[in-house]
Amino acid sequence: MAIQPDPQSLAARRPFLTAFALSLGAAISLGLSRFSYALLLPPMRADLGWSYLLSGSMNTGNALGYFIGALVTPLLMRRYRAQTALVGGALLAGVIMMLSGLVVDANLLIVQRVLAGIASSFIFISGGVLAARLSMLHPQRAGLLIGIYYGGTGFGIALSALLVPLALSIASAHGAAHAWQWAWVALGAVCLLATLVMALPSARIDGTPSAPGAHGNFRLRPFAFGLAGYLMFGVGYIGYMTFVIALLKEQGMSASSITCFYLVLGLAVMASSRVWARMLDHFKGGQSMAILNGLLGLATILPALTAAPPLMFASGVLFGGIFLSLVASTTALVRHNLPAHAWSSGISAFTTVFALGQIIGPSVIGWIADGPGGLQRGLVFSALALFTGALLASRQRAL
């Protein structure tokens with residue numbers, strides 16, 4: 001299927017500008033809505049007396065919402081343009097995050113995380129479909145354009161690294177009873193602002209609803225190894241992104257160094273779109289996913305083996321430079337092996353197993369971290385899941 005765009009459209013004339021605007025969706029979905037929680041976990045845990053199991057359960061709730069959203073999004077996209085799910089989900093995410101600044105009850109906060117996960121899934125799947133359709137207009141730059149979209153998560157992480165400490169500092173200066181609440185409100189407000197910036201450029205991409213029979217063009221069995229490898233990625237990577245800041249704080253790293261660590265991690269995510277673009281274009285099977293899972297396992301196990309700051313920062317750079325490109329590898333796999341009208345269902349299937357892995361990961365790793373060995377042992381489990389994912393993905397063949 002070839003999309004014939006209006007040559008005067010923004011998507012045709014300014015593909016990189018369009019991709020960068022679209023990447024704000026990924027920034028909202030993951031960088032601001034999900035991964036900012038790593039920065040907020042230590043002050044929330046200290047203030048509210050949470051165990052690591054309960055702390056991890058917050059991101060399990062977020063992943064559960066993401067899973068629900070992954071099931072619902074294809075239905076929405078068969079009735080409405082992809083932009084409806086993208087912009088609507090972003091507005092919903094911003095509002096829900098701001099509401100998190102009004103409560104302290106753990107049950108209500110878990111509900112918030114579930115709802116934010118649903119909204120994030122709406123954004124991420126619809127944005128991935130729009131990025132794939134944008135790449136069809138510029139096939140020579142397809143891998144880079146898709147990578148830019150996913151790299152927007154890095155912008156969200158970097159922004160969180162700067163915004164959360166600032167909000168906590170201002171809240172403490174004003175004698176706030178729960179300083180972390182101010183950070184949630186600030187993050188939600190930034191999400192709403194980013195939605196306004198993203199809305200118009202994203203509207204210039206073909207967002208035509210998927211054909212009613214499109215889901216039937218995606219079969220699970222041919223993608224079994226790729227899906228299994230991606231499931232293990234979901235289990236493994238989320239432990240790092242949930243608990244690594246808490247581990248750095250336990251190891252005595254200063255607040256300014258932790259901010260620099262997360263900022264560098266986010267910048268590495270942004271740079272990764274160019275680093276891995278040619279590989280995503282070249283490999284048609286699961287090779288990219290296998291390579292990236294293996295490298296990610298190495299980045300994840302480093303903090304479990306050492307507290308040396310240079311190696312910790314190396315872990316952050318390596319992790320940031322890989323993990324969203326691994327997500328992009330699934331979009332590339334779908335794009336290489338399915339007709340365009342089945343991309344929505346294909347991306348949704350990978351997102352669903354991703355969400356299942358993330359449901360398992362945080363609570364299991366939190367439970368492990370509450371026992372002997374603490375967070376280091378939890379990250380060893382994460383790394384083993386990623387190495388297993390590499391082996392599984394290596395068996396995925398091009399169709």
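Are F35 and Y237 buried or exposed? Select the two of them: both are buried (buried means under 20% relative accessible area, exposed over 50%, partly exposed in between, with a 1.4 Å probe and protein chains only).

Some housekeeping before we move on. Keep in mind that this is a predicted model, where local features need pLDDT of at least 70, side-chain atom pairs count only at pLDDT 80 or more, and totals for chains, interfaces and linings use all residues. Residues are numbered from 1 along each chain as its sequence is written, and side-chain values use heavy atoms, with hydrogens and water left out.

**Stop 1: aromatic pairs**

Searching the whole structure turns up 19 aromatic pairs (rings of Phe, Tyr and Trp, the last by its six-membered ring, pair if their centres lie within 6.5 Å; planes under 30 degrees apart count as stacked, over 60 as edge-to-face and the rest as tilted). One of them is F35 with Y237, edge-to-face, at 6.0 Å centre to centre and 90° between the planes. F35 sits in the loop between α2 (15–32) and α3 (37–48) and Y237 in helix α9, so this pair ties together parts that are 202 residues apart in sequence. As for the labels, helices (H or I, at least four residues) and strands (E, at least two) are DSSP runs, numbered from the N terminus.

Now pick Y52 and F243. They make an edge-to-face pair too, with 5.9 Å centre to centre and 80° between the planes. Y52 belongs to helix α4 (residues 52–77) and F243 to helix α9, so the pair ties together parts 191 residues apart in sequence. Y52 is buried, and so is F243.

**Stop 2: α9 against α13**

Colour helix α9 (residues 224–250) and helix α13 (residues 309–320): they pack at an angle of about 150°, their axes 13 Å apart. Axes here are lines fitted to C-alpha atoms, for helices over the stretch in contact, and angles run from 0 to 180 degrees between N-to-C directions. The two helices are therefore roughly antiparallel (angles over 145 degrees count as roughly antiparallel, under 35 as roughly parallel, 65 to 115 as roughly perpendicular and the rest as oblique).

To see the contact (heavy atoms within 4.5 Å), show Y237, Y240, M241 and L248 of α9 with M312, S315, G316 and F319 of α13. These residues divide into six nonpolar, two polar and no charged (Ala, Val, Leu, Ile, Met, Phe, Trp, Tyr, Cys and Pro count as nonpolar, Asp, Glu, Lys and Arg as charged, and the others, Gly among them, as polar).

**Stop 3: α2 against α5**

Next, α2 and α5: their axes come within 10 Å and cross at roughly 35°. Show L22, G25, I28 and L32 of α2 alongside L86, A90, A93 and M97 of α5, which make the contact. That set divides into seven nonpolar, one polar and no charged.

**Stop 4: single residues**

Where is T195? Look in helix α8 (residues 179–202). T195 is buried, at a relative accessible area of 2%. Leaving aside neighbours within four places in sequence, T195 is in contact with I28, V87, A90 and L91.

Jump to S329 in helix α14 (residues 323–337). S329 is buried, at 5% relative accessible area, and touches L280, S288 and M289, not counting residues up to four places away in sequence.

Finish on L99 in helix α5 (residues 82–99). L99 is partly exposed, with a relative accessible area of 48%. Try the distance tool from L99 to S325: they are 31 Å apart in space, C-alpha to C-alpha, and 226 residues apart in sequence.
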